[in-house]
Each structure stands twice: as structure tokens, then as C-alpha cells.
Amino acid sequence: MSDRTYLLERVGPAAVVQLYADAFHTLHVDDKVLAWHLYEAALAGRDIYYDQRFEYSLAMRDMIEALFAARDRLAPEVATALSTYTKLFWINSGPYDHITSRKFVLELTRDQLLEALRAAAAAGVDVPLGPHTTAEAFVDAHARDFLDATWRPMVTSKTPGPGEDILASSANNLYVGVTSTDVETFEERYALNSRLVKAPDGTLREEVYRVGGRYGHTIARVVAHLEAARDVAPPPTARALDALIRFYRTGEEADRRDYDIAWVTDAQSPVDTINGFIEVYLDARGHKGAFEGIVFHEHPEKTKHIRSIAEHAAWFEAHMPYDDAYRRTDVVGVSARAIDVIVECGDAGPMTAIGINLPNDESIREVHGSKSVSLANVVEAYEQSQPESLREAFCWDDAERERARRFQAFAGELATSLHEVIGHGSGRMLPHVGSPQAALREQYSTLEETRSDLVALWFIADPVMVELGLIAADDHADVVRAEFEAYARNALVQLRRVRQGTHLEEDHMRNRQAIVHWLMAQTTAVERRTRDGHTYYVVVDVEAFHAGVGRMLALVQQIKSEGLYDEAVALFEAHGIHFDPALRDEIVARVDRLDLASYTGFVMPRLSPVTDATGRIVDVEVSYPLDLATQMLEYARLFALADEDRRALALR
């Protein structure tokens with residue numbers, strides 16, 4: 001299958017890659033039908049995420065999709081700018097970069113945008129103008145949203161300027177008129193699944209995401225598909241779906257907990273889903289969940305190794321390099337699988353992670369365990385679409401290049417499994433601290449990703465990797481060195497994604513820089529070298545790197561377990577947030593000379609039901625669109641936010 005198409009196109013800084021689900025045809029027909037209903041449920045909620053990211057995302061998307069369809073009627077330079085912007089808008093689910101949080105703009109003038117609207121209308125294209133009666137009124141209302149990078153510039157701003165507030169500085173649609181001071185004394189009943197609004201009289205109101213609440217009609221559609229899935233699901237999955245349906249109807253925290261518990265105990269069903277308000281990265285406070293929908297099935301061949309890690313979770317916990325007081329004493333319910341993604345949307349796609357560990361609720365993880373998945377077909381698609389030049393340009397010498405060529409993909413996949421299965425599932429809070437999210441506030445997500453990466457870096461060098469058959473004995477030293485070198489390089493290479501500003505916003509980018517910069521400051525493991533005007537981070541002492549990782553992990557676990565907010569702030573201010581813009585400019589120039597993408601968006605597999613004469617689904621077929629625009633326009637047509645919700649949102 002090496003001759004198949006992975007890289008479909010380049011769009012500005014993004015690569016567009018096709019994702020394949022090769023093993024879908026091997027599923028039993030009942031599992032295929034279940035996957036179909038879950039696929040519909042996931043996509044039915046897609047537009048919720050667009051609205052959560054920015055209040056005008058859907059209105060903006062309606063307009064640019066109409067212009068995109070009419071691009072052959074526009075001036076060539078206008079059509080080119082519009083096409084690039086529309087595709088980046090789709091990949092990032094709105095007008096803000098998914099990684100850096102910064103706004104990207106349509107490279108047109110106000111007059112060009114207005115003329116494009118007029119030209120499309122004159123050609124008979126129905127251009128949605130929302131509540132506006134003329135193209136001029138629409139442009140007056142939204143010109144800054146499209147064209148001005150300084151207007152509401154950050155979708156999530158955890159490090160605003162002096163005197164600025166993290167909520168007021170964030171352009172996302174999770175809060176309206178609310179500041180951090182407002183929420184300090186407000187007890188949220190629906191912290192995860194609501195928008196928080198400040199009324200004119202100063203009172204705070206939670207708009208709950210549930211049937212009958214915010215996005216209520218759209219969520220009702222999701223529920224209808226989940227009900228159809230429940231009716232064909234095996235009993236453990238049906239119980240989890242029942243709990244999810246109940247949560248979508250009530251929005252209550254107790255029902256969310258019941259769902260998390262039911263979902264995490266369903267560890268054997270071939271087809272599974274993640275559907276709901278899950279991750280909190282979009283919220284500068286780290287409380288509000290963003291909608292995501294994922295459907296996947298187990299990849300049996302690749303599950304063996306990751307399952308071996310999960311089965312030995314208790315051993316890993318007992319050998320952590322941190323204080324016994326922070327260790328879990330009863331490691332239960334840790335499951336792990338390699339999976340093939342069928343669809344990801346909302347916060348999960350088109351830009352996707354390569355590993356997932358849930359639930360996020362620490363109290364459930366400590367009692368009921370967690371589920372980890374490694375996204376095998378996503379990893380494969382990344383590898384198949386990644387040019388060799390990205391690795392070669394940042395390796396110090398031929399020996400490092402050869403190690404990267406032979407071992408980097410394997411080492412990275414193993415490290416991801418350790419991160420998800422052991423990292424996120426390890427450690428415990430001291431009893432008096434309570435929720436780590438509440439204690440660590442906006443630092444929590446970065447700290448948790450730092451901790452999990454350190455766990456992976458610590459154990460990949462342990463002899464247990466060979467004892468469990470995860471790494472061949474003769475290759476272990478090279479695999480470890482390749483992973484450490486790749487990790488150090490990534491702290492440099494990731495700067496290509498942040499082309500403006502002098503600080504990092506995205507939690508994973510902060511955590512990677514924090515680890516490498518801390519090791520450079522506290523150990524002799526990594527040297528900064530320059531050759532021919534190019535900067536390299538070179539691992540010169542593997543043992544010092546490993547020992548430093550152990551020391552830093554002990555520190556980070558203490559910060560988490562004891563809820564030491566000020567210490568978390570100090571750690572990331574010193575090592576994780578700020579960078580030298582001159583170094584960034586150098587990295588960007590090197591990457592641009594090689595014409596390398598900064599990030600990747602995926603075109604998902606498409607499922608289609610096969611029905612008999614009575615309309616009963618007898619099979620489900622998978623196909624591959626091989627075109628971003630085709631898929632995005634199809635999604636917009638089939639899975640738009642419910643009209644009732646669009647009208648309700650326009651009135652608020």
C-alpha cells in the first residue's frame with residue numbers, strides 16, 4: 001500500500017493528509033452498523049465546537065463556503081486567497097490556529113471582500129448574510145473578524161499582557177462578559193458543560209449544554225443517533241451509551257460521572273466512541289469542556305504491545321522516581337489498545353492527537369482506572385506523509401540522522417503509549433488537596449502533559465522495556481538515545497508553528513519546551529550548538545538526560561500532588577512559556593527553505609450504509625474522499641447545527 005496517496009495538498013503552513021481505516025472491512029456486520037450510528041452521532045455535534053471556539057465562526061464559515069463554491073467567478077488573486085483561508089478555516093475549525101491560538105486572516109482588503117460577495121450574488125450564488133440585509137452590512141459587522149489580526153487576536157490567552165485578564169483576553173465563546181475575578185467566588189454547577197454569561201446586573205448564569213439548553217436541538221440529534229447505536233451495541237457499550245444519553249438530557253455532574261465510569265469499564269468492545277465535552281484546553285481556566293466526537297475500532301495486531309504496558313501498570317507505579325506519598329497504592333482498571341480511527345471531529349479533528357487517555361476526572365481514574373488508545377492509523381499517516389528532510393535538517397551529525405531514520409518512529413510510538421497508559425494514569429493527589437484542576441487552575445493541563453512526557457522518558461530507558469519484549473535488547477540503547485534526541489530536537493522544531501509573538505500558548509508545546517530547557521539549565525545532558533548559523537540541541541549525555549528526567553518528574557509530581565500553584569507558575573515562566581524570537585525566526589527560515597508544513601489536517605474516512613429493500617442496514621462501506629473541500633462541504637450540508645439552535649444563538 002506504499003503507492004497509495006497520503007499527502008493530498010499543502011495549504012499555507014498546513015499539510016492535508018488522507019487517513020485510512022484498512023481493517024474496517026474485517027469487522028462483523030453488527031460492529032459496522034454500530035460504528036455507522038456512532039459516526040453519525042459524532043458528526044452531528046461538529047458545529048457545536050465551531051461555535052465554542054468563536055461566536056461568529058459559523059456565520060463566517062457559511063459565507064466563505066458560499067464564496068468558495070463560486071470561486072471560479074472571482075478574480076484569480078481573490079479566489080486564491082479565499083481558497084487558502086477557507087481550507088485553513090476548516091482545518092482549524094474556525095479563524096484561530098489550533099496550535100498557537102493566534103488568529104489567521106483572509107489576505108484581502110475590505111473592498112475586495114465586499115466585491116467578492118457582490119460578484120457571487122450576481123452569479124446567482126446564495127450568500128448567507130445572517131441577520132444582515134446587505135453585503136455591506138455583513139462586511140461592516142465582520143471585516144475585523146476576517147481581516148484584522150489585532151482584533152481579538154487569541155482564542156485562548158493564558159499569558160495575556162500586564163494587567164489583562166485571561167478570560168477577557170480570550171476570544172473563545174465559553175464566557176460572555178466574565179473575568180477571572182468574577183468566577184473566584186462563583187460555584188459552578190455545570191463547570192464542564194456550560195457557557196458562563198454575566199448579566200447586566202452582574203449576576204452569572206450558566207447556559208448548560210444539554211437537550212433543552214444551549215445547543216439543545218443539535219444535542220437531541222446526537223442523542224437520537226446514540227439511541228440507534230445503543231440498540232445494536234453489545235451490553236457493556238449499551239450501558240455506557242445509556243449513561244451518555246442520560247447526561248446529554250440532564251447535564252448533571254452525577255450523570256457525567258456515571259457515564260465516565262460505565263465508559264472506562266467497557267474495555268473489550270471492538271468498536272468504541274468518545275463523544276461529549278471532554279478536553280479543557282480551549283478554556284484558559286481549564287474548566288470548560290470542548291465538544292469532540294471520535295469513533296474507532298481496535299487494531300488487534302498492534303494492541304499486543306500497548307496492552308502489555310497496561311497489564312504491568314502496578315509495576316510502573318511502584319518504580320516511579322517520586323515520593324511514596326504520591327504513588328497510587330491500588331492500581332486498577334488500566335486498559336489500553338491500539339486503534340484505527342474511523343472519524344474525528346470537533347476538538348479532535350481534522351487536527352488530531354496520536355494518543356488519548358481518559359477520563360480526565362482524577363477521582364474516577366484513582367478508583368476505576370482509565371482507558372488509553374494509540375491511534376495507529378494516524379501514526380502511520382503521519383509517518384507516510386512526513387518528509388525525511390524535517391529530521392535531517394535538525395540532526396547534528398550522520399550518526400543522529402541514522403538513529404532517527406531507524407528508530408525514531410518506533411521510539412515515538414512507544415513513548416506515546418507510555419505517556420498515555422502510564423503517565424496520565426499514574427500518581428495520586430494528597431487527600432487534603434482535592435481536584436488538581438481547581439488547585440492548579442490554568443497551569444493544570446501543561447503540568448499534566450509535562451508529567452506524562454517525563455514518565456515516558458523515564459521508563460523508555462528502563463530495562464523493563466526489554467524484559468516485556470517491547471524493545472530488542474541489542475537495540476535498546478539506540479532506541480533510548482533516538483527518543484531523547486528527537487525530544488530535544490522537537491523543542492526547536494516546534495517553534496516553526498509560532499510565527500508571531502514571543503511566548504507559547506498551547507499546553508503540549510509549553511510542556512516540551514519546559515522539559516528540554518529545564519534539562520539544559522539543570523544538567524549537562526543537552527548542549528546548544530551552532531554551525532553555519534544554524535542552532536541545534538544536541539544530546540551529549542544520555543545518562544544525565546535520564547537522571548535529570550527522574551529529578552524533574554519528582555518535582556512535577558510533587559507540584560501536582562500537593563496542588564502547588566505558585567511553583568507551577570514559576571516552573572513554566574522560567575522554562576516553558578517564553579522563547580527567543582530570533583531563534584524562532586531562524587527555525588522558520590530553515591523550515592521554509594525546505595518547504596515543510598508546520599502542522600497536519602486529516603481528511604477522514606467516509607462511511608456509507610448499505611440497506612435492503614426494507615431499509616434495514618445490512619452492511620457499511622468505507623471510502624476515502626481524497627479531498628478536503630469535498631469532505632468539509634459534505635459535512636456542512638449533512639451535519640449543520642440545528643436551525644432552531646442557530647436562531648436561538650442569534651438572539652442571545
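Asp397 caps the N-terminal end of H16, with a side-chain oxygen 3.3 Å from the backbone nitrogen of Ala399. Helix H16 covers residues 398–423, and a kink of about 60 degrees is centred on Phe407. Do keep in mind that this is a predicted model, where local features need pLDDT of at least 70, side-chain atom pairs count only at pLDDT 80 or more, and totals for chains, interfaces and linings use all residues. Residues are numbered from 1 along each chain as its sequence is written, and side-chain values use heavy atoms, with hydrogens and water left out.

**The bent helix**
- H16 has 26 residues, yet its end C-alpha atoms are only 32 Å apart, short of the 38 Å that a straight helix would reach at 1.5 Å a residue.
- The bend at a residue is the angle between axes fitted to the seven residues ending there and the seven starting there.

**Helix pairs**
- H18 passes H21 in a right-handed crossing.
- The axes of H20 (residues 476–493) and H22 (residues 542–562) come within 11 Å and cross at roughly 70 degrees, which makes H20 roughly perpendicular to H22 (65 to 115 degrees).
- The H20 and H22 crossing is left-handed.

**Around Pro235**
- Pro235 sits in helix H9 (residues 235–250).
- Val183 and Pro235 are 52 residues apart in sequence and 41 Å apart in space, C-alpha to C-alpha.

Terms used. Helix = DSSP H or I, 4+ residues; strand = E, 2+ residues; numbered from the N terminus. Expected span 1.5 Å × (residues − 1). Polar contact = N/O pair within 3.5 Å; in protein donor to acceptor, adjacent residues only side chain to side chain. Left-handed = near helix turned anticlockwise from the far one by under 90°. Axes fitted to C-alpha atoms, helices over the stretch in contact; angles between N-to-C directions. Parallel < 35°, antiparallel > 145°, perpendicular 65-115°, else oblique.
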